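Trainee: Could we go through this one together, a question at a time? I'd like to see how you get to each answer.

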Amino acid sequence: MSTTTVTTSTGTAARVADAVKVYGSGDTAVRALDGVSVTFPAGRFTAIMGPSGSGKSTLMHCAAGLDTLTSGAAFIGDTELGRLDDRRLTLLRRDRVGFVFQAFNLVPTLTVAENITLPMDLAGRRADAASAEWTDALVDIVGLRDRLHHLPAELSGGQQQRVAVARAFAGRPDVVFADEPTGNLDSRSGEEVLGLLGRAVRRMDRTVVMVTHDPVAAAHADEVVFLADGRLVDRMESPTAERVLDRMKAFDGKGAPS
Ligand SMILES: Nc1ncnc2c1ncn2[C@@H]1O[C@H](COP(=O)(O)OP(=O)(O)OP(=O)(O)O)[C@@H](O)[C@H]1O
Ligand SMILES: [Mg+2]
């Protein structure tokens, strides 16, 4: 292996190369991803933006091992997902990837504390001192110390999503993928959740990849990647809501940039 290869893979939390995803076949086939190559660097907050139907969720699902590519390759760190059997893929999703969805997906019969540690409990991971300390720090960061023994139904939507965020980071995964995590929240709760994701990246050296179609949400990221018609069409460093909005306007419903 050449040194160049080693250098490029260092510091990469996840990536896809020449990713193609075709849903269905024949006349009804939809090419949701049409040759996307993108790297999600470790320790960074990346947002994926693009018009509805541009392939954002498909890209996230394939990069996270929730769905498989038609061709091309997806990696978490140096592990190529397409080379794993079902059991190894399940383990990888459990141990190395965290998820936050638009619907909070908490277990209604478990308390806040139990929901947060659920992935580790399912994995049968021992609550060693380091992980107990980590979970404890997370509880403070998401501001849920006084709600630990409540059930999800006793919390506001914003609080529930903060539990989901804590749960996603609890197992110290290589990367947390979030698909429209603020889609069901009012703007203030949304800001809290976005602030949390940003702090996890900047203060706790975590990696976040977030799908959104809200320019204000995207502005919390270090970098925005833009999809149109299943292709990567642009990237923007240090985004502001205004610049992201301008870039989105350029798509102008045509799918492709003007
Ligand atoms: N399971 C599926 N079967 C068939 N087509 C699908 C399936 N999932 C997605 N698609 C199609 O693939 C394309 C990309 O969909 P995707 O959900 O990735 O878009 P998106 O950018 O996340 O859109 P949105 O902003 O509306 O969530 C769309 O044309 C969609 O209709
Ligand atoms: Mg989507």
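Trainee: Which helix is Arg167 in?

Mentor: Keep in mind that this is a predicted model. Look along residues 157-170, and you'll find Arg167 there. That stretch is helix 6.

Trainee: Which side chain of opposite charge is nearest to Arg167, and how far away is it?

Mentor: In general, side chains of opposite charge can pair when their charged atoms come close. A salt bridge needs a nitrogen and an oxygen within 4 Å. Arg167 is buried but has no salt bridge. The nearest side chain of opposite charge is Asp121, at 11 Å.

Trainee: On to strand 6: which residues are buried on each of its two faces?

Mentor: In a regular strand the side chains alternate between the two faces of the sheet. Strand 6 covers residues 97-100, and both of its faces are covered. One side has Val97 and Phe99, and the other has Gly98 and Val100.

Trainee: Is Val175 buried or exposed?

Mentor: Buried means under 20% relative accessible area. Val175 has 1% relative accessibility, so Val175 counts as buried.

Trainee: How far apart in space are Val175 and Arg96?

Mentor: Along the sequence, 79 residues separate them. Even so, Val175 touches Arg96, and its other contacts include Ala13, Ile76 and Thr207. From C-alpha to C-alpha, the distance between Val175 and Arg96 is 6.9 Å.

Trainee: Now the open sheet: which strands are at its edges?

Mentor: Four strands form this sheet in the order 2-1-4-5, with antiparallel pairing. An edge strand pairs on one side only. That gives strand 2 (30-41) and strand 5 (79-80).

Trainee: Which strands does helix 2 touch, and what angle does its direction make with that of strand 2?

Mentor: Helix 2, residues 56-63, packs on the sheet. It touches strand 1, strand 2 and strand 4. The angle with strand 2 is about 60°.

Trainee: Which residue forms a salt bridge with Arg231?

Mentor: The structure holds 16 salt bridges, and in this one the closest N and O atoms are 3.1 Å apart. The pair links distant parts of the chain, strand 10 and strand 2, 197 residues apart. The partner of Arg231 is Asp34.

Trainee: Which residues are joined with Glu223 into one network by salt bridges that share partners?

Mentor: Start with the salt bridge between Glu223 and Arg235, where the closest N and O atoms are 2.7 Å apart. Glu223 lies in strand 9 and Arg235 in strand 10, so the pair ties together parts that are 12 residues apart in sequence. Glu223 is buried, with a relative accessible area of 7%, while Arg235 is partly exposed at 33%. The residues joined with Glu223 into one network are Arg44, Arg235 and Glu237.

Methods:
Residues numbered from 1 in each chain as written. Chains lettered and ligands numbered in written order. Predicted model: local features only at pLDDT ≥ 70, side-chain atom pairs only at ≥ 80, totals over all residues. Heavy atoms only, no water. Buried < 20%, exposed > 50% of the residue type's maximum accessible area, 1.4 Å probe, protein only. Lys, Arg positive; Asp, Glu negative; His and termini not counted. Contact = heavy atoms within 4.5 Å. Pairing = 2+ DSSP bridges. Axes fitted to C-alpha atoms, helices over the stretch in contact; angles between N-to-C directions. Lists of a residue's contacts leave out its neighbours within four places in sequence.
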